[in-house]
Amino acid sequence: MIGGGVVGKACALALRRAGETVLLLDPQSLSRPASYGNAGHIAVEQVEPLASPAALASAIGRLFILGGALDFRLADIAAWGPWAMRFIRASTPEGAAHGKRALGGLLQDALPAWRRLAACLGRPDLLVERGHVVVWESQGAARAGFEAWRATDIGQARLRPLSDPLARRLKQSIDVPIAGGAQFENTGQVCDPALVLRLLDETFEGLGGQRRTGRAARLLNIEGRVEVLLEDGERLAPERVLIAGGVGSGALMRDLGHVAPVIAERGYHLEGGAGRWGDLPPVVFEDRSLILTRFGDRLRAASFVEFGRESSPPDPRKWSRLRRHLSELGVRMEGPIAEWMGARPTLPDYLPAIGVSRRANNLYYAFGHQHLGLTLAAVTGELVAALMGAATPAVDLTPFDLDRFARRVDPQKRNAA
């Protein structure tokens, strides 16, 4: 089992609970995984994938240089250029409809799966189910934003105007007036992403799972079966291999001839003492593409969709922009403020890859969960455990087959060749 993020750890635990002997290879890189640094939001409302005509049409207006959260590292154009062309091809009405059906199937059980996982970890309080809030700072944005959400498929979530009591509580935490807001129900958050990762490790090891620090350098196909070559030169020949290594999964899958166009979609956060920020659910300032989430006595401000290489240095302008937003809102973090940047693993159609390889009879995969890694971790673990246990997964995994990206060859051309 290769991968140290929340999806990989959830899969490892689900497999161990199913009776499998599991070795989890965790890279434990210095930069913590995207599942550590996200907003902690269980986003079951995000049924409509970002690969859509609407997202494509709004991209220019959301660019970082124009004040938005979307950015493309020019130095990394070789990495994101081909990915962007695939994204454009996927952003058709038909592609968006297909993606919505596929994501809807996964998200339908995401929150119940998290309840089951939290109970398994012995901490039902890990999951906080009090919805979240989206607000706007101008009347025009509030009208347009609320109507846009009303027209959006939000799956199991429920939407209503922001209640007066919650609006008053929010106004006590900020200095700017709010023109309008939306209150989502049947969504949630985890109380602490770092605690989730730690408890997944502890529970996995407590059940007899083996966890090893190390990195897979490449996959080897030995007579139709995968072996794993580690960076230190050691070679592992397990009965089965599961790849859930985030952005790095793409290179490993390509070792075996898979087309795996996963890109590093990087996000940034600032985190400090919560100060006067009230006991609020996650709050999205949609005009600013900013989400604020409280984890105990800490407050996290997260934003940005930056495409580039996972290993490229962070862009300090992103943290400066976050500080400016907080200053303008009147949100003051106390004590030392931590800066973080991490990479979400994103495929061009904004659907994850979950399935079994056709190029090796012992290789499985679960990666590419984009912004929904935390949201879908619990249900992905259950689905992978069923798939690898020769049971029928509760969700049809056909839309998540990685071979959807394989080049289609005309049969006549193949025969002529």
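# A tour of the predicted model

Among the residues lining the second largest pocket, 10 are nonpolar, 5 are polar and 7 are charged, where Ala, Val, Leu, Ile, Met, Phe, Trp, Tyr, Cys and Pro count as nonpolar, Asp, Glu, Lys and Arg as charged, and the others, Gly among them, as polar. Before you select anything, note that this is a predicted model, in which local features need pLDDT of at least 70 and side-chain atom pairs count only at pLDDT 80 or more, while totals for chains, interfaces and linings use all residues. Residues are numbered from 1 along each chain as its sequence is written, and side-chain values use heavy atoms, with hydrogens and water left out.

**Stop 1**

Select Arg 86, Ala 90, Asp 349, Arg 404 and Phe 405, which of the 22 lining residues are the closest to the centre of the second largest pocket. A pocket here is an open set of points on a 1 Å grid over the protein atoms alone, where a 1.4 Å probe fits, with protein on both sides within 12 Å along at least five of seven lines, and a lining residue has an atom within 4 Å of a point. The space in this second largest pocket is about 540 Å³, a volume being the space filled by probe spheres set on the points, which are joined across faces, edges and corners. Now colour helix H4 (77–90) and helix H5 (93–107), each of which supplies at least two residues of the lining; H5 gives the most, with 4 residues. Helices (H or I, at least four residues) and strands (E, at least two) are DSSP runs, numbered from the N terminus.

**Stop 2: the aromatic rings**

Next, select Phe 72, Trp 80, Trp 83, Phe 87, Phe 307 and Tyr 350, which form one aromatic cluster. The structure holds 12 aromatic pairs, and rings of Phe, Tyr and Trp (its six-membered ring) pair if their centres lie within 6.5 Å, with planes under 30 degrees apart counted as stacked, over 60 as edge-to-face and the rest as tilted. How far apart are the ring centres of Phe 72 and Phe 307? They are 5.2 Å apart with their planes at 15 degrees, so the pair is stacked. This pair links distant parts of the chain, since Phe 72 is in strand E3 (residues 70–72) and Phe 307 is in strand E17 (residues 298–308), 235 residues apart. Phe 72 is partly exposed at a relative accessible area of 28%, whereas Phe 307 is buried at 3%; buried means under 20% relative accessible area, exposed over 50%, and partly exposed in between (1.4 Å probe, protein chains only).

**Stop 3: strand E7**

Move to strand E7 (residues 180–185), where 5 of the 6 residues are buried. Strand E5 (residues 132–136) is joined to E7 by 5 bridges and runs antiparallel to it, and strand E6 (residues 158–161) is joined to E7 by 4 bridges, also antiparallel; two strands pair if DSSP finds at least two bridges between them. Select Phe 184 in E7, and you will find His 132 opposite, and Leu 159 opposite as well.

**Stop 4: two buried residues**

Finally, select Ile 243 in strand E13 (residues 241–243), which is buried with a relative accessible area of 0%. Leaving aside neighbours within four places in sequence, the contacts of Ile 243 (heavy atoms within 4.5 Å) include Ile 2, Leu 219 and Phe 367. Then go to Asp 201 in helix H9 (residues 193–206), which counts as buried at 11% relative accessibility. With the neighbours within four places in sequence again left aside, Asp 201 is in contact with Lys 9, Leu 24 and Arg 211.
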